Amino acid sequence: MLDHATHKTLALALHESERSRVQVEHFSKRYPAMEIADSYAIQREWVALKLAEGRTIKGHKIGLTSRAMQVSSNITEPDYGALLDDMFFREGADIPAARFILPRVEVELAFMLQRDLRGPNVSIFDVLAATDYVVPAIEIIDARIEQADRITKVPRKVFDTIADNAANAGIVMGGRPVKPDAVDLRWCGALLYKNGVIEESGLAAAVLNHPANGIAWLVNKLAEHDEGLKAGEVVLAGSFTRPVAAAAGDVFHADYGPLGAIAFRFV
């Protein structure tokens, strides 16, 4: 386990990378003994920097929810990060590409909580009972830490991704909100268009067999820090498509069928 001073130093490096839009080298390369606990400690220090600047936490995101992604990352469980107030963009908006370094987009479902959730031993049924409604969402992910090392070309490790707020950078919600028991959420699907071409498609069942399972995992994980989820928070349940690269000028349209659609443009 790295010491607290190192956690703070690395969090500051992420903070500066976001401001300058210049990526930093892999933390896992600089600190080969780094553990998952270090990654979350760095993330928490980064969030603390944001809160000190006046940002507020509006919810959480869950990542690495598909079995394929977990195998590729050599882990056996998802990861998570924080959603801050300045990460939310209006559906149909022009989103400034210059705010990001290497933006990519993923198709997800967002759960809007009407009751607090606190673990341990929270189940999928507790999550559904605490959810006010579910709405289509697109997550914008970014990479403050290099995706591939500038010298060795080795891909970054999960330690780096988690420290980097699980790659989260933005969220767009839209479409038609539904009560969690109004449809079988496993069969909610989406077509993701980039500049009029379908780049990805998928079903929400790819997220741990049911998107609410990821939220139950998150609540129980947060209990280890004596934390939970609060009423009014947004929780991104995890992507059911691969990330699609974005750049200025790209127009994205995600069609969720009966749940409506989301559209926006990078400028």
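Contact here means heavy atoms within 4.5 Å. With that in hand, welcome to a short tour of a predicted model.

**Strand S6 and its partners**

- Strand S6 covers residues 131–141, and nine of its 11 residues are buried, so the strand is largely enclosed by the rest of the structure.
- Strand S5 (residues 104–113) pairs with S6 in the antiparallel sense, over 10 bridges.
- Within that pairing, tyrosine 133 in S6 is the bridge partner of methionine 112.
- S6 also runs antiparallel to strand S7 (residues 168–173), and five bridges join the two.
- Here glutamate 139 stands opposite isoleucine 171 in S7.

**The five-stranded open sheet**

- Five strands form an open sheet in the order S4-S13-S12-S8-S9, and their pairing is mixed.
- Its edge strands are S4 (94–95) and S9 (197–203), each of which pairs on one side only.
- At the S9 end, strand S8 (residues 189–194) and S9 pair in the antiparallel sense, with six bridges.
- One of the residue pairs to look at is glycine 189, whose bridge partner in S9 is leucine 203.

**Aspartate 250**

- You will find aspartate 250 in the loop between strand S11 (244–245) and strand S12 (251–255).
- Its relative accessibility is 10%, so aspartate 250 counts as buried, the cut-off being under 20%.
- The aspartate 250 side chain reaches the backbone nitrogen of alanine 247 at 2.8 Å.

**Lysine 61**

- Lysine 61 belongs to strand S1 (residues 57–63).
- With 3% relative accessibility, lysine 61 counts as buried.
- Its side chain and that of glutamate 139 are joined by a polar contact of 2.9 Å; glutamate 139 is the residue that stands opposite isoleucine 171 in S7.
- Beyond its neighbours within four places in sequence, lysine 61 is in contact with residues including Asp79, Tyr80, Glu139, Asn165 and Leu236.
- For a sense of scale, the C-alpha atoms of lysine 61 and alanine 245 are separated by 19 Å, and these residues lie 184 residues apart along the chain.

**Arginine 144**

- Arginine 144 sits in the loop between S6 and helix H6 (158–163).
- Its relative accessible area is 3%, so arginine 144 is buried.
- A polar contact of 2.6 Å links the side chains of arginine 144 and aspartate 164.
- Not counting residues up to four places away in sequence, arginine 144 touches, among others, Leu14, Glu18, Ile101, Asp164 and Ala169.

**Cavities**

- Two cavities of 30 Å³ or more are present in the structure.
- The largest cavity holds about 40 Å³ of space, and arginine 144 is one of its lining residues, together with Glu18, Arg21, Arg99, Phe100, Ile101, Asp142 and Ala169.
- By class, that lining has three nonpolar, no polar and five charged residues.
- The second largest cavity contains about 30 Å³ of space, with Glu18, Lys50, Leu84, Asp86, Met87, Arg99 and Ala169 as its lining.
- This second lining divides into three nonpolar, no polar and four charged residues.

Key. Residues are numbered from 1 along each chain as its sequence is written. This is a predicted model: local features need pLDDT of at least 70, side-chain atom pairs count only at pLDDT 80 or more; totals for chains, interfaces and linings use all residues. Side-chain values use heavy atoms; hydrogens and water are left out. Buried means under 20% relative accessible area, exposed over 50%, partly exposed in between (1.4 Å probe, protein chains only). Helices (H or I, at least four residues) and strands (E, at least two) are DSSP runs, numbered from the N terminus. Two strands pair if DSSP finds at least two bridges between them. A polar contact is a pair of N or O atoms within 3.5 Å; within protein, one must be able to donate a hydrogen and the other to accept it, and residues adjacent in sequence count only if both atoms are side-chain atoms. On a 1 Å grid over the protein atoms alone, a cavity is a set of points where a 1.4 Å probe fits but cannot get out, and a pocket is an open set with protein on both sides within 12 Å along at least five of seven lines; lining residues have an atom within 4 Å of a point. Grid points are joined across faces, edges and corners, and a volume is the space filled by probe spheres set on the points. Ala, Val, Leu, Ile, Met, Phe, Trp, Tyr, Cys and Pro count as nonpolar, Asp, Glu, Lys and Arg as charged, and the others, Gly among them, as polar.
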